[in-house]
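Me: I would like to go through this model by question and answer. Please close each reply on the value or name requested.

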Amino acid sequence: MAANRQPFLYPRIMTHNFGAGPCILPQEVFKEAADAVVNFNDLSILEISHRSSDFVEVMSEARDLVKKALGVPEGYTILFLQGGASLGFTIAALNMMRSTKRAGYINTGTWAKGAIAEASAVGIETDVFASSEDRNFCYIPKDYSIPNDLDFVHYTSNNTIFGTQFKNTPNTSAPLVCDMSSDIFAHKIDVSKFDLIYAGAQKNLGPAGATLFIVKDEVLGKSTSEFMPKYLNLANHAAKDSMMNTPPVFSVYTSMLNLRHLIKNGGVEAAEKRNFDKANMLYNEIDSNPLFKGAADLSDRSTMNVTFLLNDETLKTEFDQMWNDARIIGLRGHRSVGGYRASMYNALTIDSVKVLTEVMNEFTRKKG
Ligand SMILES: Cc1ncc(COP(=O)(O)O)c(C=O)c1O
């Protein structure tokens, strides 16, 4: 297998990629993946059959590494499907639908709203029992009571656009479903609290193309939905080890390489510490620099996506020029928040964060 081949060395101009996703992966992973595009097993990874034993091995290792990285207990199935987290909204709703056809949703922004809309579209009555829309999603709702008789409760663990993140798992006796697209593998989680977790690969896992599902076995095949296309039924994928149809081979392969890299570098526990240090460094700069302010409430700030604003918007052109000159990319904020968003996924180094804080500091010195 291609596993132990030495990667080629590709020269690459140093950039600091703070993009929200698809995002930076470790350079070693890029190189090894590039190598396999040319020659994986005398064929390119792009042309091999997904039924070949070499790829079946990749899929199996990718599954095992997800289990290892997150400490997934017995009784859960790992799937790599397509359609992104956007199709995950529908898949989650359909597969978790039970007798009441009512589900509770926490509305913490654009992606949570997307999940609510897709659940409604497949006939779920959505009970949005908590929302932070009143302050443009700059916080995580805390004082809420969860209604009884829900088929499931759904939330978005990290709000990529608004820069907020749940610090605690919602406490409910209903089956719990979570969109972890932008913070899976970034910090430790207790998988046993969840019936279903899903995440688009393109943040901390690998290239766009694969969507990861971690599903409790007892969930499979229990949907009460009359509408259930074959592809959307997780039980079908579980029965075929994610190979019911052609899987996103390159994305799964690169995710597998990235998971190997994660585990070799101390696993999720070490990544969590690095992410905490990076976030602290940037938030300290934002809080101590008189020209900037954070966009999210202090207690709910995300370690993955840091949203911040200039106090004086007329300085924007000048500041933008400075960070562009420093080869920082992807810092522009989403239009629903404005300002800036520094996405600091696992592979972004603390050196890149240092470059950003130095630019902010230098900018303030210049402005007197
Ligand atoms: C939290 C979250 N959920 C869902 C999505 C949508 O993901 P996809 O593009 O994989 O459909 C995103 C995309 O950034 C996201 O950040």
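Me: At roughly what angle do the axes of helix α1 and helix α6 cross?
Reply: The model is a predicted one. In it, helix α1 spans residues 27-38 and helix α6 spans residues 249-264. Their axes come within 10 Å, and the crossing angle is roughly 145°.

Me: Is the crossing of α1 and α6 left-handed or right-handed?
Reply: On the α1 side, E28, V29, E32, A33 and A36 take part in the contact, and they meet Y253, T254, L257, N258 and H261 of α6. By class, this contact holds five nonpolar, three polar and two charged residues. The sense in which α1 passes α6 is right-handed.

Me: What distance separates the centres of domain 1 and domain 2?
Reply: The domain assignment places domain 1 at 28-264 and domain 2 at 268-367. Taken over C-alpha atoms, the separation of their centres is 28 Å.

Me: Which elements each supply at least two residues of the side of domain 1 that touches domain 2?
Reply: The contact draws 23 residues from domain 1 and 22 residues from domain 2. On the domain 1 side, 10 residues are nonpolar, 10 polar and three charged. The elements that each supply at least two residues there are α2 (53-70), β6 (158-159) and β7 (164-165).

Me: Which helix gives the most to the shell around the ligand?
Reply: Residues surrounding the ligand include G84, A85, S86, W111 and D179. The shell comprises two nonpolar, eight polar and one charged residues. With three residues, the element that gives the most is helix α3 (residues 84-96).

Notes: Residues numbered from 1 in each chain as written. Predicted model: local features only at pLDDT ≥ 70, side-chain atom pairs only at ≥ 80, totals over all residues. Domains from an automatic or database assignment. Contact = placed C-beta atoms within 7 Å. Helix = DSSP H or I, 4+ residues; strand = E, 2+ residues; numbered from the N terminus. Nonpolar A, V, L, I, M, F, W, Y, C, P; charged D, E, K, R; others polar. Near = placed C-beta within 6 Å. Axes fitted to C-alpha atoms, helices over the stretch in contact; angles between N-to-C directions. Left-handed = near helix turned anticlockwise from the far one by under 90°.
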